[in-house]
There are 2 protein chains.
Amino acid sequence: MAKVERFSGLLSPVLTPFGEDLSPDVDRLIGHGKWLLERNCNLAPFGTTSEGNSLSVAEKSDILDRLVAAGIPAASMMPGTGTCAIADTAALSAKAAELGCGGVLMLPPFYYKNVGDDGLYAAYDAVIQQVGSAGLKIYLYHIPPMSQTPISLSLIERLLKAYPETVVGIKDSSGEWDNTKAMLDAKFDDFRIFVGSESFLLANMRNGGAGCISATANVNPVAIRELYERWRDDDAEDRQADLDAVRAIFVEYAAIPALKACVAHFAGDPGWALTRPPLMPLDAEKASRTIDALLARGFDMPGLAGAKAAAE
Amino acid sequence: MAKVERFSGLLSPVLTPFGEDLSPDVDRLIGHGKWLLERNCNLAPFGTTSEGNSLSVAEKSDILDRLVAAGIPAASMMPGTGTCAIADTAALSAKAAELGCGGVLMLPPFYYKNVGDDGLYAAYDAVIQQVGSAGLKIYLYHIPPMSQTPISLSLIERLLKAYPETVVGIKDSSGEWDNTKAMLDAKFDDFRIFVGSESFLLANMRNGGAGCISATANVNPVAIRELYERWRDDDAEDRQADLDAVRAIFVEYAAIPALKACVAHFAGDPGWALTRPPLMPLDAEKASRTIDALLARGFDMPGLAGAKAAAE
């Protein structure tokens, strides 16, 4: 088996488009994925922003197959595979490893609360043992606002000691820079630390981080990638401020529906705005305010409408 | 299709035993299920106490088949079928309805937080439409400490208006009597309200409730059932106090591992104490203290060791 390169740079938790019947619209997804890849943005399907936890195990497995069949390189993908149940997580992770995915983004089991590090270690350990593949590369997913199940520094240390070639990074979506900084300061060997928001991208790069995996990368990949590449430049603070201003527009209401409304607008494809319950699309007024705020900044997503046409 | 009777009385979220390899031990589960049924306690497999959310979709489907094949009446079961994803929830619920289960206990999708009633209504609506069976009887599952996704009174009203023959009850595991009382006071037509702890059983019965679905029913079904049957008797308060004293022993540490330690002890079957990660068994000292406290009260689980022998 070829050595799997560790990720760095920018990844997008790819938005999942749905049809009127709420089934995943994989053609639209492929078009969007290719649009992102052409902009040097790798793909993290089935993340929080992807409504990944609203997709069934069977749907995720099927979508992965279809993405690869459509010519999206498996090595460019870090699918979310963490569920509440070890067997589901192991099955999805094994599938990703078999396809040659560059890694998986793995939530801890998140139904039971306050379970402690011993329980979380045992859960990750069981998944790794059940997958049993050297091709499995795990990026831990720390997102307490959703999972309510934090991944502590001591849990990371323990996993790295047992599985230094399998546990290779983390996405920190805590929104707490002190937490990211503590992980960076630990200087784990070649451990890839991604921030979950581009608002922390400059700080992350200045402290030895690997990049970011951000919801907003779905719509603003070029500018985010530029800061990643030019973080040592004199204008880095200005670039960071620009990214923050765009991001603020999306988090004003609810980020996932706002991002979908944005893609719908710039792709000229209203169906893109649909979400799967329990998430709901923005109402017309909020969607309109979001688009107006973006247009007022001169924001655009060039090539997106073309991507849609090419997929058809 | 024969009319499906609505549940009342006592149900146990059946503990799920696991083997050393962490796979569900269905033979032990069948033995325990029969022991409960013989004590007039119906079965709610795959509840929170069952570590139901640590079981994969495929495991739950397989276990249901095996329980029915072992002679456990489907009508006596209210399996937990709610997951984060509509398609998984619909598949498990359809399976339960096909087998003739008396109902299903359905969590709302619980990964995304603060989603609002519109989103939760849309999720339940989509599941009901996808199952499309008159045999589907849903008991809503309100358990904010775990799901972080409450089911409001107005959501219940809306679901009852749309699906009066499908949405037939609720389990309230909020631990907040005021919440249960508000639902009881609404006097929904033949809507079965179960408290999630026997600590509220007497209050629930006095206010028109249907019974309880309690973790502790796994070990103390006879005494809980007696209060259900005799709640109008003069000694009801004393019975309630006795139930509360036993319950207190289990919630002292962590209830699920403590209940498993109890079954392991009284069944003479140490393997029963195993949990699936992220839950961990009680350490020896806590398990020993739990058993000692039970023995000091003269607590017993008669017939349990026999149930194990019969299953072998």
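Trainee: Is B:E229 buried or exposed?

Mentor: In this predicted model, B:E229 is exposed, because 12 other C-beta atoms lie within 10 Å and a residue with 12 or fewer is classed as exposed.

Trainee: Which helix holds B:E229?

Mentor: B:E229 belongs to helix 9 of chain B, residues 221-229.

Trainee: And how far apart are B:E229 and B:Q148 in space?

Mentor: Their C-alpha atoms are 33 Å apart, and 81 residues separate the two in sequence.

Trainee: What about B:I224, buried or exposed?

Mentor: B:I224 also lies in helix 9 of chain B. B:I224 is buried, since 27 other C-beta atoms lie within 10 Å and 20 or more are needed for that class.

Trainee: Which residues does B:I224 touch?

Mentor: Leaving aside residues up to four places away in sequence, B:I224 touches B:L10, B:E198, B:L201, B:C212, B:S214, B:T216, B:A217 and B:L243. As for B:S199, 25 residues away along the chain, its C-alpha atom is separated from that of B:I224 by 9.7 Å.

Trainee: Let us turn to chain A. Which residues of helix 9 are buried there?

Mentor: The buried residues in helix 9 of chain A are A:P221, A:I224, A:R225, A:L227 and A:Y228. Viewed down the helix axis, they fall within an arc of 155°, so they line one face of helix 9.

Trainee: Why would residues three or four places apart point the same way?

Mentor: An α-helix has 3.6 residues a turn, so such residues point the same way.

Trainee: What do the buried residues of helix 9 of chain A pack against?

Mentor: They pack against strand 1 (9-12), helix 1 (26-37), helix 8 (201-206), strand 7 (211-213) and helix 10 (236-251) of chain A. Helix 9 of chain A lies across strand 1 and strand 7, and runs at about 155° to strand 1 of chain A.

Trainee: What is the strand order in the chain A sheet?

Mentor: Chain A has an open sheet of seven strands in the order 2-1-7-6-5-4-3, with parallel pairing. Strand 2 (42-43) and strand 3 (104-106) of chain A stand at the edges; each has a single partner strand, so one side of each lacks a neighbour in the sheet.

Trainee: How many bridges join strand 5 and strand 6 of chain A?

Mentor: Four bridges join strand 5 (residues 167-172) and strand 6 (residues 192-195) of chain A, in the parallel sense. Within this part of the sheet, A:K171 has A:F194 of strand 6 as its bridge partner.

Trainee: In chain B, what stands opposite B:F194 in strand 7?

Mentor: B:G211 of strand 7 stands opposite B:F194. Strand 6 (residues 192-195) and strand 7 (residues 211-213) of chain B pair in the parallel sense over two bridges.

Trainee: Now the contact between the chains. How many residues does each chain give?

Mentor: Chain A gives 31 residues and chain B gives 31 residues. On the side of chain A that touches chain B, helix 2 (57-69), helix 3 (86-99) and helix 4 (116-131) each supply at least two residues. Helix 4 of chain A gives the most, with six residues. By class, that side of chain A has 21 nonpolar, five polar and five charged residues.

Trainee: What rotation superposes chain A on chain B?

Mentor: A rotation of 180° with 0.0 Å of shift along its axis superposes them, with an RMSD of 0.0 Å. That is the relation of a two-fold axis.

Trainee: Through what surface do the copies meet?

Mentor: The copies meet through the same surface, because 100% of the interface residues of chain A are also interface residues in chain B.

Definitions and conventions:
Residues numbered from 1 in each chain as written. Chains lettered and ligands numbered in written order. Predicted model: local features only at pLDDT ≥ 70, side-chain atom pairs only at ≥ 80, totals over all residues. Arc of directions from axis to C-beta. Contact = placed C-beta atoms within 7 Å. Nonpolar A, V, L, I, M, F, W, Y, C, P; charged D, E, K, R; others polar. Least-squares fit on C-alpha atoms with pLDDT ≥ 70 in both. Pairing = 2+ DSSP bridges. Axes fitted to C-alpha atoms, helices over the stretch in contact; angles between N-to-C directions.
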